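Please keep the sequence and the structure in view while reading.

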Amino acid sequence: MQKLGKQTIKFDNPPKIIETASIVGPKEAQGPLAKYFDTLLQDEFWGEETWEKAESKIIKQTVDLVISKAGLAPSDLDFCFAGDLLNQCISSSFGLRELGIPFFGIFGACSTFVEGMILSSILADAGAAKNVLFAASSHFCSAEKQFRFPLELGNQRPPSSQWTVTGSGASIISSSGVGPSVDCVTARQNC
Amino acid sequence: MDKIETNQQYQKYVDKKTPNSPILKNCFNAFWVGGLICSIGQIISDFCKFRGFNEETSGSIVAIILIGISAFLTGLNLFNRIGKFAGAGSIVPITGFSNSIVSPAMEYKSEGYIMGVGSKMFTVAGPVLVYGISASILVGIVYLIFNTQSITLV
């Protein structure tokens, strides 16, 4: 592993992305990318009492799915990086606590998933880990509650307003295996 | 297409591509829905006066009924649809004030009645209350000073 230029890391033994999984909510299920997701939810609550619990369930199920798709057991994973948009990364830490994998909570909003990928790749390339899990999640309703207005508030959204995804993505980076390899990573400076 | 090199050029490009809000349509909807809400208020007020209430009591009854109706519609998940359609038309009358208190109360109910509903109920309406009441006190003081003077002058 060596540093190139100001903000790029080049790996000596490029780690592989061996498996991915994703679960998304009802609005994403209606979109043009629907056929690429593993599970489509019909309900924002997914049988839970609150949106935060639903988000926690979404990330837990996504992680379970990626582990089973890769044919691994949770004990095969050395570390995990995960994050979401809520205070204390609560949905990730609660969703992943039963797996018993050493856990790093990360917060990068939109960039959380790629941050997890960069850090996982560094661990895998450095030989500190064989398999590293990384995941990110968000939930439209819990994000609106955390950052914006209550859903029942009668305000108008401009046509260009963005919509936080309800869903979660998880992936496993491995120092060996078959899959796309991560050769270099470039972190952007914060502006 | 010019090359985008600076932040200002990028901002210009984004502004050009971003769809604008349909202002004319929004204004029209806000006008007639707001007008309708006010007309309903006026009808209730006139009815109260017809039944023998005085001006002040009739005003209070109108406020109570409109607040009650919009709180109920918020609970039924209907008020946000009206608000999305009418914008300021339903936010500016007292109905919007009611909605801005009921909606956080519903949203934060999952966090309990004290730390959730109780403490978060005024997250939207709070600033309006704080500065509205502060401003009215200031205006009251100004009024008191100048009004007393004008009385003494006379």
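## The two domains of chain B

Between domain 1 of chain B and domain 2 of chain B, two residue pairs are in polar contact, both residues being at pLDDT 80 or more; a polar contact is a pair of N or O atoms within 3.5 Å, where within protein one must be able to donate a hydrogen and the other to accept it, and where residues adjacent in sequence count only if both atoms are side-chain atoms. On the side of domain 1 of chain B that touches domain 2 of chain B, four residues are nonpolar, one is polar and none is charged (Ala, Val, Leu, Ile, Met, Phe, Trp, Tyr, Cys and Pro count as nonpolar, Asp, Glu, Lys and Arg as charged, and the others, Gly among them, as polar).

The domain assignment of chain B, with bounds from an automatic or database assignment, gives domain 1 (22-122) and domain 2 (124-154). The two domains of chain B bury about 410 Å² between them, 77% of it on carbon and sulfur atoms, buried area being the accessible area (1.4 Å probe) that two parts lose on being put together, summed over both.

## Basis of the model

This is a predicted model, in which local features need pLDDT of at least 70 and side-chain atom pairs count only at pLDDT 80 or more, while totals for chains, interfaces and linings use all residues. Residues are numbered from 1 along each chain as its sequence is written, chains are lettered from A and ligands numbered from 1 in the order in which they are written, and side-chain values use heavy atoms, with hydrogens and water left out.

## Chain A against chain B

The area buried between chain A and chain B is about 1500 Å², with carbon and sulfur atoms giving 57% of it. Of the area that chain A buries against chain B, Lys145(A), Glu152(A) and Gln156(A) supply 43%, more than any other three residues.

Across this interface there is one salt bridge, defined as a side-chain nitrogen of Lys or Arg within 4 Å of a carboxyl oxygen of Asp or Glu. Lys145(A) forms a salt bridge with Glu111(B), and their closest N and O atoms are 3.3 Å apart.

## Cysteines

Over all chains the count of disulfides is zero, a disulfide being a pair of cysteine sulfur atoms within 2.5 Å. Cys89(A) is in no disulfide, and the nearest cysteine sulfur, that of Cys80(A), is 12 Å away.
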